[in-house]
Amino acid sequence: FGTELSYLMATAQLLPLVHTSCGKEHESTPLLGGGTGDAASCLHGRTSPRWLSLNLLGPGLLVCLADTDTGCLIVAAQSGSRWGYSLLPLQVLLIPILFLTQELTIRLAVHTQQGHVACIGQFFGRGWAAFACTLLVVECLLAMVSEMSGLAAVGELWGIGRTAATLGSALIIVTVIVFCSYKQVEALGICFGLFELTFVATMLFYHPSPREVFQGAFTFHDDPGFIKLIAANVGAVVMPWMVYFQQSAVVARRVRSEDEERASTLLGSGLTQLIMIGALVTLAAAHGPHRSLETVEDIVDALAPVLGDMSSRVLVSLALSGGSLAAAFVVTLASCWAVCEALGVEDKFSMDSSPSSAPTFYASSVAFMLVGILVLETGVNIVQFNMVVELINGLLLPFTVCFLYLLCTGEALPPEARVVGWHKALLAVVFSMCGAVCLASTFYGVLVGETRTA
């Protein structure tokens, strides 16, 4: 793994050279995502189709790949293992919801050139900015523990102790954040995130009966565990830190055009849900319904009878470590940018500055690592912890989409970019339904579950 990381970092270091080989300025021609130039056109000719452009590989794709992190994959795996294909339609339904949410961050970033916390502070006051930042920091701390727990779980699959695996993962994350520019971190994150496609491969390998999938997909259960998984799945797909990251990342990338970033986000929205579907269907076909997963080892054991023990370990390790590393980069950057914006220190391009020039930004990243290490050393159950994290994401979602909606329909955007008419009405309905489903299913699942336990 260390060799692969070194290779990917070396590749990332070479990315700026592609810019100069095209005869363009480095700052004006970003390779991966938006901007004034088009490196892909230089590489493939001016007549290259727009959909083949490397600009599709931008913040939108990275944040969506980070969306399918350890917590999401465990929620999807638990959904399939415990309830078969019953939650499959929800995964499909969440594709347009995810895109509609993340697309708004592109508008805000391009037209305000500010991060999300900075926008809230400007239009709603510093008090609300501090409130939003506090919620984000809490969520990011939980998310960071979740990502590091995934990496620790992969280490334990190969006989590495939790402490050693946790310290090793923290070292990798901090090294990349400190020594790489934003564009290099983005390239590394996408490379790691694509390993999650292994669950799509396993889904195709199992190829369950279409009739069985169709029948199971329209089966509803009134069990509190099933109801809580609905909230967990919504919270696992539309995460508050995604909103904060993409808006700041588009600004940090100096993106000036919305179209290609929208295309990147649309591609990522479909891809991330395809991965979730792959995990759900794989475990539903392999494990059989009505069986819970308690550890990551259970996922390996469920796949082993068909794929073999070694193949199962390798595939699960690739998917979980790839998703965890991509998400760890995104969560760290989102929280550090938000803290700097709330405090009014440093600038939106801190990622491309040295630690001495942006001490608050880099100190925040190290602090997040330390908290993650301390929590994991308590011996928390990884599967149960990740389920709780996704439920908390669902509870915090209404606050995030409320600020996002008010900013995009108000004075933060110029009239030509402001969300109005049917689009405004659609977002109001979608966000209200998502918030209501998250809150209602969480409280119902918890309260009814406690009543039945009692």
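Mentor: Let us begin with accessibility: a residue is buried under 20% relative accessible area, exposed over 50%, and partly exposed in between, with a 1.4 Å probe and protein chains only. This is a predicted model, in which local features need pLDDT of at least 70, side-chain atom pairs count only at pLDDT 80 or more, and totals for chains, interfaces and linings use all residues. Residues are numbered from 1 along each chain as its sequence is written, and side-chain values use heavy atoms, with hydrogens and water left out.

Trainee: Why is E411 called exposed?

Mentor: E411 has 63% relative accessibility, so E411 counts as exposed, the cut-off being over 50%.

Trainee: What makes E411 and R418 a salt bridge?

Mentor: A salt bridge requires a side-chain nitrogen of Lys or Arg within 4 Å of a carboxyl oxygen of Asp or Glu. The closest N and O atoms of E411 and R418 are 3.8 Å apart, and the pair therefore meets the definition. The structure holds eight salt bridges.

Trainee: Why is D259 called partly exposed?

Mentor: The relative accessibility of D259 is 48%, which lies between the limits for buried and exposed, so D259 counts as partly exposed.

Trainee: What does the salt bridge between R313 and E297 tie together?

Mentor: The closest N and O atoms of R313 and E297 are 2.8 Å apart. R313 lies in helix α16 (residues 309–343) and E297 in helix α15 (residues 296–307), so the pair ties together parts that are 16 residues apart in sequence.

Trainee: Are R313 and E297 buried or partly exposed?

Mentor: R313, at 15% relative accessibility, counts as buried, whereas E297, at 26%, is partly exposed.

Trainee: How do you know that α9 is mostly covered?

Mentor: Of the 12 residues in α9, 11 are buried; among them are Y182, V185 and F192.

Trainee: Where is W158, and why is W158 called partly exposed?

Mentor: W158 is placed in the loop between α7 (126–157) and α8 (162–179). Its relative accessible area is 40%, so W158 is partly exposed.

Technical notes
Helices (H or I, at least four residues) and strands (E, at least two) are DSSP runs, numbered from the N terminus.
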